[in-house]
Amino acid sequence: MLVDSHCHLDRLDFDKLDLNLDQVLENARTKQVEHFLCVSVTLEQFPSMLEKIKDYPDVSASCGVHPLDQKDALDKHQLINLATHDKVVAIGETGLDYYYSKETHIVQQESFVGHIDVANELNKPLIIHTRDAREDTINLMRAHNAEKCGGVLHCFTEDWDMAKKAIDMGFYISISGIVTFKNAVELKDVVKKIPLDRLLIETDSPYLAPVPYRGKTNQPAYVEDVAYYIAELKGLTFNELSNATTDNFYSLFKQAKRA
């Protein structure tokens, strides 16, 4: 069985897909996907996200603010109140994204630290987004004891040195459909080096659909394509890769209900 360890079900364009949420999830289940982690990007939209997924026992949630959605200081009290919901198994996604405007870097850093504090307080793992911020991401993780709560660097596209530093802190590395892109040469080499017991897979849907769906709306069913590609890349059978990454998911997100 498979798990989509990172998707944004509330962000799917169901009109464009010509499907509803029931059908999207059922499509994935027919591809052996047994669990879905629906990831929050703002606290304001979290209640509506939760409302959409509340009746699906195989869908868990995270709660947090994406670094590119962090316009003002993080309201830690609000985050704690929302993240105590039974369906919330993780804090985030949070982290640092320096690809865009520099004027947001300080507020991103402060928000990231706040998320780490909340994750440690609630004993829920972190979902970390990192882009063009390798040194600051690792330094803040170390300085604020992120190894205590643990977590995952999701949709990883950075180098092996960063992955190794995170793994040494007990973190997992999650790989999306980007690994199937022809120009993802360095990422393919990184994936070969990631220990199997530290690897997760995801779609990050509706974004970043893997080959052969690149350019189309991504959906959780396509995590199967990611799994097949990574299995071949690492010289594993599909079952070896799927079983390991599924076990890894439940080892990290201990509050997720296994089928």
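Helices (H or I, at least four residues) and strands (E, at least two) are DSSP runs, numbered from the N terminus. By this assignment, H129 has its place in strand β5 (residues 126-131). The structure is a predicted model, in which local features need pLDDT of at least 70 and side-chain atom pairs count only at pLDDT 80 or more, while totals for chains, interfaces and linings use all residues. Residues are numbered from 1 along each chain as its sequence is written, and side-chain values use heavy atoms, with hydrogens and water left out.

The UniProt record (unreviewed entry) places the feature "binding site" at H129 and H154. Positions from UniProt are given in the numbering used here, feature names are shortened, and annotations may be inferred rather than shown by experiment. The two residues span 26 residues in sequence, yet no two of their C-alpha atoms are more than 5.9 Å apart, so they gather at one spot. Of these residues, H154 is included in the lining of the largest cavity. H129 counts as buried at 15% relative accessibility, where buried means under 20% relative accessible area, exposed means over 50%, and partly exposed lies in between (1.4 Å probe, protein chains only).

A cavity was defined on a 1 Å grid over the protein atoms alone as a set of points where a 1.4 Å probe fits but cannot get out, with lining residues having an atom within 4 Å of a point. Grid points were joined across faces, edges and corners, and a volume is the space filled by probe spheres set on the points. A search of the whole structure found one cavity of 30 Å³ or more. The largest cavity has a volume of about 30 Å³, and its lining consists of S5, H6, I127, V152, H154, S174, L200, E202 and F253. These lining residues divide into four nonpolar, four polar and one charged; Ala, Val, Leu, Ile, Met, Phe, Trp, Tyr, Cys and Pro count as nonpolar, Asp, Glu, Lys and Arg as charged, and the others, Gly among them, as polar.

Side chains of opposite charge can pair when their charged atoms come close. With a salt bridge defined as a side-chain nitrogen of Lys or Arg within 4 Å of a carboxyl oxygen of Asp or Glu, the count comes to 12 salt bridges. Among them, R134 and D159 pair at 2.8 Å, N to O. R134 lies in helix α6 (residues 134-143) and D159 in the loop between β6 (151-153) and α7 (160-168), so this pair ties together parts that are 25 residues apart in sequence. R134 is partly exposed, with a relative accessible area of 33%, whereas D159 is buried at 17%. Salt bridges that share partners also join E26, R29 and D58 into one network. K54 forms a salt bridge with E51 (3.8 Å, N to O) and another with D55 (3.4 Å, N to O). K54 is partly exposed, with a relative accessible area of 40%, and D55 is exposed at 60% relative accessibility.

With a disulfide taken as a pair of cysteine sulfur atoms within 2.5 Å, a search of the whole structure found zero disulfides. C7 takes part in none, and the nearest cysteine sulfur, that of C38, is 5.6 Å away. C7 is buried, at 0% relative accessibility. C155 is likewise in no disulfide, the nearest cysteine sulfur being that of C7, 13 Å away. C155 is buried, with a relative accessible area of 11%.

Definitions and conventions: On a 1 Å grid over the protein atoms alone, a cavity is a set of points where a 1.4 Å probe fits but cannot get out, and a pocket is an open set with protein on both sides within 12 Å along at least five of seven lines; lining residues have an atom within 4 Å of a point.
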